Amino acid sequence: MRQETFEGLKTTFPMALTIEKEKGAESRVSTNETFQKIVILGYGKVTGEVLQYVYDRKKEYGYEMEFIEHEIHSFSITEKICAERGIPFHRITDKKELTASLDRITDKTLIVSASNNFLFPASLVEKAHITIVNFHNALLPDYPGRNAPTWAIYRGEKTTGITWHYVTAGVDEGSIIIQKQCEITDDMKAYELTEKLMDLAAEAFRECFGRILEESVQAREQGFDPGRRMYRSREVPADGHFSLTDQPEAIYCLLRSVDYGKNDLFPLVRTRIDGREAEITRYRRIPTDRRKEGEGLLYLPLGADSLLKLKYRFL
């Protein structure tokens with residue numbers, strides 16, 4: 001009997017050779033039929049890593065592969081990767097059209113959902129010849145839904161991680177394939193944490209890909225509370241607003257949690273200064289001896305020997 005380590009939990013589980021826990025609570029006996037096709041959906045860095053790795057293992061396993069771009073991103077590298085390697089590339093932005101396209105699959109197929117926000121319908125998930133795995137940027141069952149790095153920083157978590165899991169009809173409810181954990185440092189911003197999580201996701205995918213194809217994964221159920229909170233894309237921590245009477249540490253957490261650099265995922269955080277609404281355009285932690293007064297600047301004490309420097313503009 002082999003052993004498999006779920007990195008995020010640092011716990012070891014026995015790996016069964018023929019029984020695979022997947023698609024929720026039920027087990028099924030793995031068949032001898034191999035996957036004939038792999039379909040990859042997603043965008044961003046982790047999708048590019050997955051796409052290249054699946055291509056590199058193509059001859060070894062003998063599957064066909066294709067890529068579907070559902071969400072268009074201006075800096076996407078996936079079309080370039082597909083063109084260079086001769087991977088069929090499809091751009092399907094309409095949800096109904098994408099569902100219909102996936103529904104027409106008749107071969108035994110693995111669908112890899114990497115940084116993908118499309119919700120697979122139950123009618124597709126429940127097909128016996130289709131297996132779907134998904135990357136989630138948190139340690140499920142914690143922080144299901146959207147923008148998990150934001151909420152982990154905002155809640156003051158010291159660690160977080162990634163999960164690859166099987167997809168079920170419920171959002172982020174499927175059994176866990178592998179997890180990896182990382183530290184959230186005191187000054188880490190959302191975009192920095194996201195980069196770290198993408199690297200972990202690619203690393204974890206390379207580790208578990210062979211077992212997924214061979215259907216030898218010993219997945220485990222999440223064991224979540226059915227009433228757990230599902231984080232939505234429209235939600236913003238603290239509604240994107242703070243009071244100057246709030247603890248500076250909490251203000252700093254809020255600012256870092258919505259900071260995705262140039263991606264502008266969230267609007268600028270706001271507060272009231274001298275009775276007027278203002279938005280924070282820049283912020284940083286600085287040593288106390290680097291304080292310089294100026295227009296549109298505000299300083300808050302942040303620990304024993306540092307300040308939170310805020311640059312703002314009135315609305």
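View 1. Tyr154 is partly exposed, with a relative accessible area of 25%, while Trp151 is buried at 3%. Here buried means under 20% relative accessible area, exposed means over 50%, and partly exposed is in between (1.4 Å probe, protein chains only). This is a predicted model, so local features need pLDDT of at least 70 and side-chain atom pairs count only at pLDDT 80 or more, while totals for chains, interfaces and linings use all residues. Residues are numbered from 1 along each chain as its sequence is written, and side-chain values use heavy atoms, with hydrogens and water left out. Trp151 and Tyr154 both belong to helix H6 (residues 148-154), 3 residues apart, or about one turn of the helix. Helices (H or I, at least four residues) and strands (E, at least two) are DSSP runs, numbered from the N terminus.

**View 2. Aromatic pairs.** Rings of Phe, Tyr and Trp (its six-membered ring) pair if their centres lie within 6.5 Å; planes under 30 degrees apart are stacked, over 60 edge-to-face, and the rest tilted. By this rule there are 16 aromatic pairs. One of them is Phe118 with Phe120, edge-to-face at 5.2 Å centre to centre and 85 degrees between the planes. Both of these Phe residues, Phe118 and Phe120, are buried. Trp151 and Tyr154 are edge-to-face too, with 6.0 Å between centres and 85 degrees between planes.

**View 3. Charges over rings.** A charge sits over a ring if NZ of Lys or CZ of Arg is within 6 Å of the ring centre and within 35 degrees of the ring normal. Arg229 puts its charged end over the ring of Trp151, 4.8 Å from the centre. Arg276 does likewise over the face of Phe314, at 3.9 Å from the ring centre.

**View 4. Strand E6 and its neighbours.** Strand E6 (residues 64-69) has 5 of its 6 residues buried. Strands pair if DSSP finds at least two bridges between them. E6 runs parallel to E5 (residues 37-42), joined by 5 bridges, and parallel to E7 (residues 89-91), joined by 3 bridges. Ile38 has Met65 as its bridge partner in E6, and Ile68 has His90 in E7.

**View 5. The largest nonpolar core.** A nonpolar core is a set of buried Ala, Val, Leu, Ile, Met, Phe, Trp, Tyr and Cys residues joined through side-chain atoms within 4.5 Å. The largest has 66 residues, and Ile38 and Trp164 have the most contacts inside it. Helix H7 (residues 190-214) gives the most to this core, with 12 residues.
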